[in-house]
Amino acid sequence: MTMVHDHNRKDCLAMFAKLSDYIDNELDDLTCKDIENHARACIPCKACMETFRQTICFCRSLTPNEIPVPTAFSNHLKSLIQKLSGQKRDL
Ligand SMILES: [Zn+2]
């Protein structure tokens, strides 16, 4: 196992470019290993990766198919928007 000591921002940017594909499991094994190796040697990237993963999980848990937006809430939003746009018209 080789440690990555020459961590630099270019590597980080390259990692971030692939991060969403990585989270979606759309990368080949070799690329996944690259990202994992980088994150292991780079604490800021590791932290970002975890945050990103959690955010994605959170967003997926809120997909409309699984949890429909309650009608009351949706109506409340609509009336709020109407109210706001009405106020704008008055100004
Ligand atoms: Zn990094």
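Residues are numbered from 1 along each chain as its sequence is written. Because the model is predicted, local features need pLDDT of at least 70 and side-chain atom pairs count only at pLDDT 80 or more, while totals for chains, interfaces and linings use all residues; side-chain values use heavy atoms, with hydrogens and water left out.

The protein comes to 4 helices and 0 strands, where helices (H or I, at least four residues) and strands (E, at least two) are DSSP runs numbered from the N terminus. Read from that end, the order of elements is α-α-α-α. Of its 91 residues, 16% count as buried, a label for a relative accessible area under 20%, with exposed meaning over 50% and partly exposed lying in between (1.4 Å probe, protein chains only). Among contacts (heavy atoms within 4.5 Å) between residues at least 6 apart in sequence, 56% join residues at least 24 apart.

Helix α1 has 15 residues, and its first and last C-alpha atoms are 20 Å apart, close to the expected 21 Å. That expected span is 1.5 Å times one less than the number of residues. Along the way, α1 bends by about 35 degrees at Ala-17, the bend being the angle between axes fitted to the seven residues ending there and the seven starting there. Buried in α1 are Cys-12, Met-15, Leu-19, Tyr-22 and Ile-23, and the buried residues of this helix pack against α2 and α3.

The loop between α1 and α2 holds Asn-25. Its phi is near 60 degrees, a positive value in a residue other than glycine. Asn-25 counts as exposed, at 66% relative accessibility.

Helix α2 covers residues 29–41 and reaches 18 Å from its first C-alpha to its last, close to the 18 Å expected for its 13 residues. Thr-31, Cys-32, Ile-35, His-38 and Ala-39 are its buried residues. They lie on the same side of α2 because they cover an arc of only 130 degrees around the axis, taken from the directions from the helix axis to the C-beta atoms. As a general point, an α-helix has 3.6 residues a turn, so residues three or four places apart point the same way. The face turned away from the buried side of α2 carries the exposed residues Asp-29, Leu-30 and Arg-40. On the buried side, packing is against α1 (9–23) and α3 (43–61).

Cys-32, in helix α2, has a relative accessible area of 13% and is therefore buried. Leaving aside neighbours within four places in sequence, Cys-32 is in contact with Tyr-22 and Leu-27.

How many disulfides does the whole structure contain? The search finds 0, a disulfide being a pair of cysteine sulfur atoms within 2.5 Å. For Cys-48, the closest cysteine sulfur belongs to Cys-45 and is 6.2 Å away, too far for a bond. Cys-45 is buried, with a relative accessible area of 2%, whereas Cys-48 counts as partly exposed at 35%.
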